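Hello,

Here is the structure you will be working with. My notes on it follow below.

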Amino acid sequence: MDLKISGKKALMAGGSAGMGRATAERLAEAGVELYISARREERLLHAAREITAKYGNTVTPIVADSSTDDGRKTLFAACPDPDILAVTIKPPDPNGDFLAVTPDMWRESIETALLGPIEIMRHYIPEMKAKGWGRILNIATFSAKNPMIWRLMSGPARSALINYTASVSREIAPYGVNINNILPGMFATEGSEENIAPYAEAFGLPLDPDVIAEHFQQHNKIPAGFAANADDMAPMAALLCSPLSRYIVGQNIVIDGGQHHSIF
Ligand SMILES: NC(=O)c1ccc[n+]([C@@H]2O[C@H](COP(=O)([O-])OP(=O)(O)OC[C@H]3O[C@@H](n4cnc5c(N)ncnc54)[C@H](OP(=O)(O)O)[C@@H]3O)[C@@H](O)[C@H]2O)c1
């Protein structure tokens with residue numbers, strides 16, 4: 001399918017690994033001029049080199065933390081006017097006892113999972129509106145709609161994010177700028193490997209993506225029968241970043257193999 005985004009400028013904020021990297025690859029394959037950012041330089045540069053080698057695109061890596069003012073300044077300076085903006089940010093680690101969650105932990109969750117994406121969108125929206133076209137995608141979490149007691153540092157801030165985008169997307173759709181969110185379930189990615197590492201020994205798990213996927217499946221009874229890898233969400237991400245999604249506004253697409261029991 002031709003996504004009709006060849007030649008457009010795309011920023012994948014959080015594009016060196018996991019679902020961000022998989023999304024960046026689908027956008028590169030469709031012919032965009034690509035910018036990818038992340039906090040860790042070595043993996044980011046490696047991803048940029050690999051994507052260029054695979055698809056031939058210009059890929060500009062930007063070392064920047066999307067959750068801080070300084071990081072966002074770096075991002076905005078390096079990529080001033082993308083047509084397509086996709087954002088993912090890692091929230092704080094899973095919490096233990098909910099009674100042990102402190103105000104500082106909430107502040108960190110809000111800085112990363114809520115204010116980070118909002119501030120990046122707020123910066124780029126005026127230029128997209130002026131151009132009369134833009135696509136914005138947040139890769140958030142299914143716990144925004146499906147609360148989990150051990151994911152208080154991720155779900156509540158993302159519930160607020162999808163509430164924000166529900167309103168803002170209706171304001172800017174008349175200008176050809178659409179915001180949508182993907183809410184992923186359990187995916188075997190570098191990020192989930194990092195989350196699970198401290199517990200791997202207790203579970204007797206080697207840190208292998210296939211073993212982690214099997215573990216996710218067994219513990220979450222995913223109706224699809226498997227835990228996904230990042231390529232299972234990237235085609236939807238790329239579609240939402242394209243003109244083909246012109247009638248999809250302010251939506252939250254849950255991609256979780258059916259784990260989340262809900263009609264909407
Ligand atoms: N994997 C799952 O099972 C799962 C389930 C539900 C929701 N999610 C959500 O889906 C999103 C993607 O998860 P993933 O598993 O694909 O993560 P991942 O494998 O860790 O990849 C995340 C990417 O974003 C970058 N990143 C993270 N925080 C950043 C920040 N503050 N500033 C700039 N770049 C940042 C990472 O690089 P650096 O670390 O170098 O910055 C990396 O490139 C996350 O928001 C996660 O909470 C994942």
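Phe 98, Leu 99, Ile 149 and Trp 150 form a nonpolar patch on the surface, and together they have about 470 Å² of accessible area. Such a patch joins nonpolar side chains (Val, Leu, Ile, Met, Phe, Trp, Tyr) within 5 Å, from residues with over 30% relative accessible area and no salt bridge (a side-chain nitrogen of Lys or Arg within 4 Å of a carboxyl oxygen of Asp or Glu). Areas come from the Shrake-Rupley method with a 1.4 Å probe. Leu 99 counts as exposed (over 50%) because its relative accessibility is 66%.

This is a predicted model, in which local features need pLDDT of at least 70 and side-chain atom pairs pLDDT 80 or more, while totals for chains, interfaces and linings use all residues. Residues are numbered from 1 along each chain, and side-chain values use heavy atoms, without hydrogens or water.

The whole structure has zero disulfides (pairs of cysteine sulfur atoms within 2.5 Å). Cys 79 is buried (under 20% relative accessible area), at 0%.

There are 29 residues around the ligand, and Ser 16, Arg 39, Arg 40, Arg 158 and Thr 189 come nearest; a residue counts if one of its heavy atoms lies within 4 Å. Oxygen atoms of the ligand lie 3.1 Å from a backbone N or O atom of Ala 17 and 2.8 Å from one of Phe 187. On its own the ligand has 870 Å² of accessible area, and the protein covers 94% of that.

Regards

Notes: Patches are made of residues with over 30% relative accessible area and no salt bridge: like charges are joined within 9 Å, nonpolar side chains (Val, Leu, Ile, Met, Phe, Trp, Tyr) within 5 Å. Buried means under 20% relative accessible area, exposed over 50%, partly exposed in between (1.4 Å probe, protein chains only). A polar contact is a pair of N or O atoms within 3.5 Å; within protein, one must be able to donate a hydrogen and the other to accept it, and residues adjacent in sequence count only if both atoms are side-chain atoms.
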